[in-house]
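Trainee: Please pick one part of this model and go through it closely. What sits there, and what surrounds it?

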Amino acid sequence: MCANLTEEAEAIGWYEQRISVETDAKARAIMEDSLGEEYKHFSMELEFLLLAKPQWRNIARGILFQDGDIVENGEAAEAAAASGGPNPAQPGADDVSLGIGSLKEHRP
């Protein structure tokens, strides 16, 4: 699954590069639609891995959707995971949910 995640990230990069130079609006719209699919696939694969890998999930929980400095949050989350303690950024570190809610409820 990690290889799939990498491939999705590469596909996102390719679409973003191509979209940035595409002058035809119809072609750009098609590529933007495809890019949305890549975002969905990347997110689904990431969620699978976070559910399957508790340490990865706990570190991610301390970084994703947190206020403050990303690097500082990452260092604190990594230290908490290494010590086996709860992540100070999120109560209930053993909870499977990342606490970000449903994306379906937040469509623009």
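Mentor: Gly74 is buried, with a relative accessible area of 13%. Buried here means under 20% relative accessible area, exposed over 50%, and partly exposed anything in between (1.4 Å probe, protein chains only). The model is predicted, so local features need pLDDT of at least 70 and side-chain atom pairs 80 or more, while totals for chains, interfaces and linings use all residues. Numbering starts at 1 along each chain as its sequence is written, and side-chain values use heavy atoms, with hydrogens and water left out.

Gly74 belongs to helix H4. Helices are DSSP runs (H or I, at least four residues; strands are E, at least two), numbered from the N terminus. H4 covers residues 70-83, and its packing partner H3 covers residues 54-63. The two meet at about 145°, with their axes 8 Å apart. Axes are lines fitted to C-alpha atoms over the stretch in contact; angles run from 0 to 180 degrees between N-to-C directions.

Now the contact itself. Gly74 is one of the H4 residues that meet H3; Ile70, Asn73, Ala77, Glu78 and Ala81 are the others. H3 brings Gln55, Asn58, Ile59, Gly62 and Ile63 to the contact. Contact means heavy atoms within 4.5 Å.

Stay with H3. Its buried residues are Arg57, Asn58, Ala60, Arg61 and Gly62. Asn58 and Gly62 are on that buried list, and both also meet H4. The cover over the buried residues of H3 includes H2 and H4.

Next, the link between the helices. Leu64 and Gly74 are 10 residues apart in sequence, and their C-alpha atoms are 9.1 Å apart in space. Phe65 lies in the loop between H3 and H4. Look at its backbone: phi is positive, about 60°, although Phe65 is not a glycine. Most residues other than glycine have a negative phi. Phe65 is also exposed, with a relative accessible area of 66%. Gly74, by contrast, is buried.

H2 deserves a stop, as part of the cover over H3. Helix H2 spans residues 25-52 and holds Glu45. Glu45 is buried yet has no salt bridge. A salt bridge puts a side-chain nitrogen of Lys or Arg within 4 Å of a carboxyl oxygen of Asp or Glu. For Glu45, the nearest side chain of opposite charge is Lys40, 10 Å away. Charge is simple here: Lys and Arg are positive, Asp and Glu negative, with His and the chain ends not counted. What does Glu45 touch, leaving aside residues up to four places away in sequence? Met1, Asn4, Leu5 and Glu8.

Lys40 does have a partner, Glu37, with the closest N and O atoms 3.1 Å apart. Both lie in H2, three residues apart, about one turn of the helix. Residues three or four places apart point the same way, because an α-helix has 3.6 residues a turn. Lys40 is partly exposed at 40% relative accessible area, and Glu37 is partly exposed at 35%. A search of the whole structure finds one salt bridge.

The chain has four helices and zero strands, running α-α-α-α from the N terminus. Of its 108 residues, 22% count as buried. Take contacts with a separation of 6 or more: residues 24 or more positions apart account for 52% of them.
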